[in-house]
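Please walk through the fold described below with the coordinates open beside the text.

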Amino acid sequence: MSRTRLPRVIAGTTTLVTMVSANVLMVPHPAHATFGTADIKPIESNIAAKPWASATAATGSSNAGLAIDGDPTTSWHPDRGGARQWLTVDLGGAYDNLRKAKVLFPDRGVAHRYVLEASSDGRRWKTIADRSHNKAVSRGEVHLFTRPGTRFVRLMFTGGSDRTRAGVSELQVFNYLRDDLTLGADLSWVDDFQDRQYWVDPLAPDRGAGPHLLDVAKDRGIEYSRLRIFNEPRSESTGEPTPIPRQGPERSLVSAQWIKQRGMGLGIDFHYADSWADPSKQPKPRDWAELEFPDLSQAVYDHTADYLDRLIQQGTTPGKVAVGNEIINGFMYGSEAAHIGTTTPPYFVDQADIYQSKPGGGLLWKYWRSTDPGEQQLYDQAWDRFTTLAAAGIKAVRDASPTSKVEIHVIVDKDKLAKTMEFWHQFLTRVKAKGQNPDVLAISYYPEWHGTPEALDLNLNTMATTYPDYEIDIAETAYPASGGDGSPLPNSPFPRTIQGQADAVRRVFQAANDVVDNRGSGVLVWEPAGYQPMFRAVPGLANTWEPHASINVFNASRAKHILQDTIYTATVVGAAPKLPSSIRMLTTANNTITSVPVRWQSLPPGATDRPGEVTVTGMTDTGPVTAVIDVVPRRGEHDLTTS
């Protein structure tokens with residue numbers, strides 16, 4: 001491997017970001033003027049650089065990984081010469097929306113001849129690009145293609161000049177956001193905020209979509225909304241019924257109608273509680289608290305089936321139903337809470353004689369891996385009770401609304417993937433033994449509690465590869481646009497700004513889209529109108545709210561056009577390079593590749609006076625491109641051509 005870098009000359013650092021942003025973003029004027037813009041580019045992800053990708057080669061396989069390590073100064077070279085050397089990248093699973101491959105070679109000033117191929121199984125190959133007769137001097141090339149179901153990408157060398165060695169510095173394969181990846185939000189608080197007006201641009205003559213929150217949400221690209229359901233909404237502190245039963249069954253029927261009227265997808269999240277259910281608290285509903293266990297199981301079934309019947313009767317069949325909310329520690333706690341050590345919510349503890357009088361569905365993680373027979377028995381019994389209740393909920397969905405998918409929603413706490421995988425093992429084994437099975441395995445992701453974006457990638461990939469028969473969802477995520485003097489949240493690289501909020505949410509979309517075999521099915525931002533909000537009150541206008549520019553991440557994250565964004569070429573010292581007048585562009589709507597004109601900036605004086613590398617920016621109507629020019633010593637014209 002070589003780590004020698006040639007001198008770099010940068011020509012023109014201005015990339016006309018404002019022009020690009022104007023084409024990509026639809027930024028509300030007040031947010032633009034007061035709260036800042038967000039430069040949101042379509043998501044692309046180099047899957048070859050993911051930890052689950054691997055590389056093999058005809059020879060020199062021990063160094064094949066250098067071709068996908070993200071470092072262009074390291075390279076794979078075969079152990080011996082020969083025209084039929086190859087390098088294959090296994091992406092770890094199939095992908096339907098790979099659209100671009102970038103090849104970079106270690107040798108400059110020569111022409112490389114090769115064929116680039118794609119395969120779903122490593123046996124049958126389809127050609128992405130044929131450069132077997134290439135005569136153009138180039139250190140690399142960007143290839144655009146459409147090959148659904150691609151798992152393997154292979155570069156096969158077919159020859160070259162006497163001075164051309166086989167070898168690859170980088171082979172990158174880029175994934176783009178799929179159309180069938182659902183981008184939505186939990187908008188349950190639409191029930192609370194009925195006195196507010198929401199507008200895309202409330203201070204403009206044309207205010208845009210509004211005045212309902214869902215009008216703006218849909219206009220900004222939110223295509224799906226989830227509603228949480230409390231059995232009988234109660235104060236989390238006192239346990240008394242709330243004066244207005246927000247997020248209760250009756251009011252949520254109305255919210256469901258609002259969602260369906262706007263053509264948005266609908267999800268239902270049964271908390272099976274009268275107040276918030278999450279990993280630290282899972283109180284039984286008051287009406288079920290003193291039921292014997294068989295009656296509790298029947299109540300879960302009846303409540304689930306009856307409510308789904310009501311939704312269906314009013315024409316609001318949900319696409320997805322979550323049986324419980326963040327149930328990593330079980331749900332509907334009862335007498336087992338004494339073993340768990342539950343301290344919340346206050347009413348659950350203060351009224352233990354009611355809420356903890358009968359067994360429920362709490363899990364006893366403190367006895368996981370215990371070698372004590374009695375403790376292991378308690379662990380198993382808790383799992384059996386919990387999965388009995390969960391199976392009742394799943395069966396109710398299957399019976400009442402067979403077209404709805406069933407989701408089980410948990411978390412992966414920071415550095416606790418093993419616990420979540422134990423959950424899935426126990427849960428899926430036991431509910432299947434009871435004749436039931438979910439469709440979707442879901443997690444929440446908040447970096448302050450659940451780790452870095454890279455940890456999220458690992459967690460999703462581990463779930464997907466261990467349990468390949470299920471869809472994978474990120475059922476909740478959020479990121480703040482302010483606070484902490486703009487510093488990132490723990491475990492996150494993104495500042496607490498409008499741009500940081502957009503980038504953080506965008507990164508979660510990317511993680512879901514990168515799940516192998518296209519099994520990441522959706523991402524929901526949790527309560528963007530209230531928690532770590534993507535809206536703000538408009539100064540001077542009572543009860544009027546507008547979206548942050550960051551909300552455009554829903555609309556702008558999908559690529560409509562993919563450019564051949566890097567051109568590699570070469571010239572000899574003292575000579576001007578020949579840059580193309582057009583580059584290739586792939587239009588994702590119809591999978592066509594066309595040529596689009598490019599306008600190049602001028603090279604600065606003396607840019608090619610000595611060997612090195614010159615970078616020049618160009619602009620198309622769709623976005624910027626870059627030309628990377630190798631300036632090589634003048635030894636003779638044959639150095640930049642090959643026969």
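Over residues 1-34 the pLDDT stays under 50, and for this stretch the model has 77 contacts beyond four places in sequence. This is a predicted model, and its chain as a whole has a mean pLDDT of 92, with 92% of the residues reaching 70 or more. Within the chain, confidence is lowest in helix H1, residues 17-24, where the mean is 31, and highest in strand S15, residues 320-323, where the value is 99.

One of the pairs can be followed residue by residue: strand S13 (residues 224-229) and strand S14 (residues 265-270) run parallel and are joined by six bridges, and Tyr224 stands opposite Gly265 in S14.

On the H10 side the contact is formed by Leu417, Met421 and Trp424, which meet Leu458, Asn459, Thr462, Met463 and Thr466 in H12. By class, this contact of H10 with H12 has five nonpolar, three polar and no charged residues.

Helix H10 also meets helix H9, and here the axes come within 9 Å and cross at roughly 60°. The crossing of H9 and H10 is right-handed. From H9 the contact takes in Tyr379, Asp380, Trp383, Asp384, Phe386, Thr387, Ala390 and Ile394, while H10 contributes Glu422, Phe423, Gln426, Phe427, Arg430 and Val431. Sorted by class, the contact of H9 with H10 has eight nonpolar, two polar and four charged residues.

Helix H9, residues 373-400, has a further partner in helix H5, residues 293-313; the axes of H5 and H9 come within 8 Å and cross at roughly 25°. It is because of this angle that H5 counts as roughly parallel to H9. The crossing in which H5 passes H9 is right-handed. Among the residues of H5 that make the contact are Phe293, Leu296, Val300, Tyr301, Leu308 and Ile312, and among those of H9 are Arg385, Leu389, Ala392, Lys395, Val397 and Asp399. By class, the contact of H5 with H9 has twelve nonpolar, four polar and four charged residues.

Two further regions show antiparallel pairing. Strand S6, residues 112-119, and strand S7, residues 126-131, pair in the antiparallel sense over five bridges, and within this pair Glu117 has Thr127 in S7 as its bridge partner. The hairpin of S6 and S7 has six residues between the strands, and in this hairpin Gly122 takes a positive phi near 80°.

The other antiparallel region is an open sheet of three strands, in the order S24-S26-S27. Its edge strands are strand S24 (561-563) and strand S27 (592-597), each of which pairs on one side only, and the twist averages 35° from one strand to the next. Strand S24 is joined to strand S26, residues 582-587, by three bridges, the two strands running antiparallel, and Leu563 stands opposite Met585 in S26.

Arg196 lies in the loop between strand S11 (182-186) and strand S12 (197-198). With which residues is Arg196 in contact, leaving aside its neighbours within four places in sequence? They are Pro211, Ala529, Asn543 and Trp545. By way of a distance across the model, Arg196 and Gly93 are 103 residues apart in sequence and 46 Å apart in space, C-alpha to C-alpha.

Terms used. Residues are numbered from 1 along each chain as its sequence is written. This is a predicted model: local features need pLDDT of at least 70, side-chain atom pairs count only at pLDDT 80 or more; totals for chains, interfaces and linings use all residues. Side-chain values use heavy atoms; hydrogens and water are left out. Contact means heavy atoms within 4.5 Å. Helices (H or I, at least four residues) and strands (E, at least two) are DSSP runs, numbered from the N terminus. Ala, Val, Leu, Ile, Met, Phe, Trp, Tyr, Cys and Pro count as nonpolar, Asp, Glu, Lys and Arg as charged, and the others, Gly among them, as polar. Two strands pair if DSSP finds at least two bridges between them. Axes are lines fitted to C-alpha atoms, for helices over the stretch in contact, and angles run from 0 to 180 degrees between N-to-C directions. Angles under 35 degrees count as roughly parallel, over 145 as roughly antiparallel, 65 to 115 as roughly perpendicular and the rest as oblique. A crossing is left-handed if the near helix is turned anticlockwise from the far one by less than a right angle, and right-handed if clockwise. pLDDT is the predictor's confidence in each residue, from 0 to 100.
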